[in-house]
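User: I'd like to go through a model together, starting with the overall fold and then moving to single residues. Could you put it up?

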Amino acid sequence: MRYTNQREYRVIHKCGRCGKKMAFLSTRRFRVNANKNKLDVWLIYQCEKCKHTLNIPIYERTPPQKIPKDRYEGFLVNDEDLAIQYGMDAALFRSRHYTIEKSRLG
């Protein structure tokens, strides 16, 4: 499924490099990290100005068998459609207490 006409949310967050609240945009890429028998998965965002990264947690300390296989494989190959799907999920950002706004078309 392609989401080509859709835009992910922008995250408003204090940038560690700029030192003030900035807009962060989705890179449409994931980071997956294994720690013993648990996985962490993040959607990577970047500061609009300086490209400093912000990792938005999707799964934290989750046993691999709890993540659907097709979704896990999508994380590993940086499936763009999957990244867009997560980037458009307002509930994900609200549950993590992020301030969001819709991206501008352009």
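User: What should I know about the model before we start?

Analyst: This is a predicted model, in which local features need pLDDT of at least 70 and side-chain atom pairs count only at pLDDT 80 or more, while totals for chains, interfaces and linings use all residues. Residues are numbered from 1 along each chain as its sequence is written, and side-chain values use heavy atoms, with hydrogens and water left out.

User: OK, which pattern does the protein follow along the sequence?

Analyst: The order is β-β-β-β-α-α-α-β, so that there are three helices and five strands, where helices (H or I, at least four residues) and strands (E, at least two) are DSSP runs numbered from the N terminus.

User: And why does the radius of gyration agree with a compact globule?

Analyst: For 106 residues a compact globule would be near 13 Å, and the protein has 14 Å, which agrees; the radius is taken over C-alpha atoms, and the globule rule is 2.2 Å times the number of residues to the power 0.38. Along the principal axes, the C-alpha atoms fill a box of roughly 40 × 30 × 20 Å.

User: How much of the protein counts as buried?

Analyst: Of the 106 residues, 39% do, with buried meaning under 20% relative accessible area, exposed over 50% and partly exposed in between (1.4 Å probe, protein chains only).

User: Let's turn to the strands; which ones does β3 pair with?

Analyst: Strand β3 (residues 38-47) has eight of its ten residues buried. Ten bridges join β3 to β2 (residues 21-35), and these two run antiparallel, while β3 and β4 (residues 53-62) are also antiparallel, over seven bridges; two strands count as paired if DSSP finds at least two bridges between them.

User: What about the hairpins?

Analyst: The hairpin of β2 and β3 has two residues between the strands, and K36 takes a positive phi near 60° there, whereas the hairpin of β3 and β4 has five residues between the strands, with K51 at a positive phi near 75°.

User: Where is L54, and is it buried or exposed?

Analyst: L54 is in strand β4, stands opposite Y45, and counts as buried because its relative accessibility is 11%. Leaving aside neighbours within four places in sequence, L54 is in contact (heavy atoms within 4.5 Å) with V11, H13, F24, L43, I44, Y45 and Y98. Its C-alpha lies 9.7 Å from that of K14, although L54 and K14 are 40 residues apart in sequence.

User: Switching to α2, which of its residues are buried?

Analyst: In helix α2 (residues 80-87), six of the eight residues are buried, and they are D81, L82, A83, I84, Y86 and G87. Their cover includes β1 (9-14), β2, β3, β4, α1 (69-76) and α3 (90-95).

User: Which loop residue between α1 and α2 stands out for its phi?

Analyst: N78, which lies in that loop, has a positive phi of about 55° although it is not a glycine, and N78 is buried, with a relative accessible area of 18%.

User: And H97, buried or exposed?

Analyst: H97 counts as exposed, because its relative accessibility is 74%. H97 lies in the loop between α3 and β5 (99-102), and its phi is near 65°, a positive value in a residue other than glycine.
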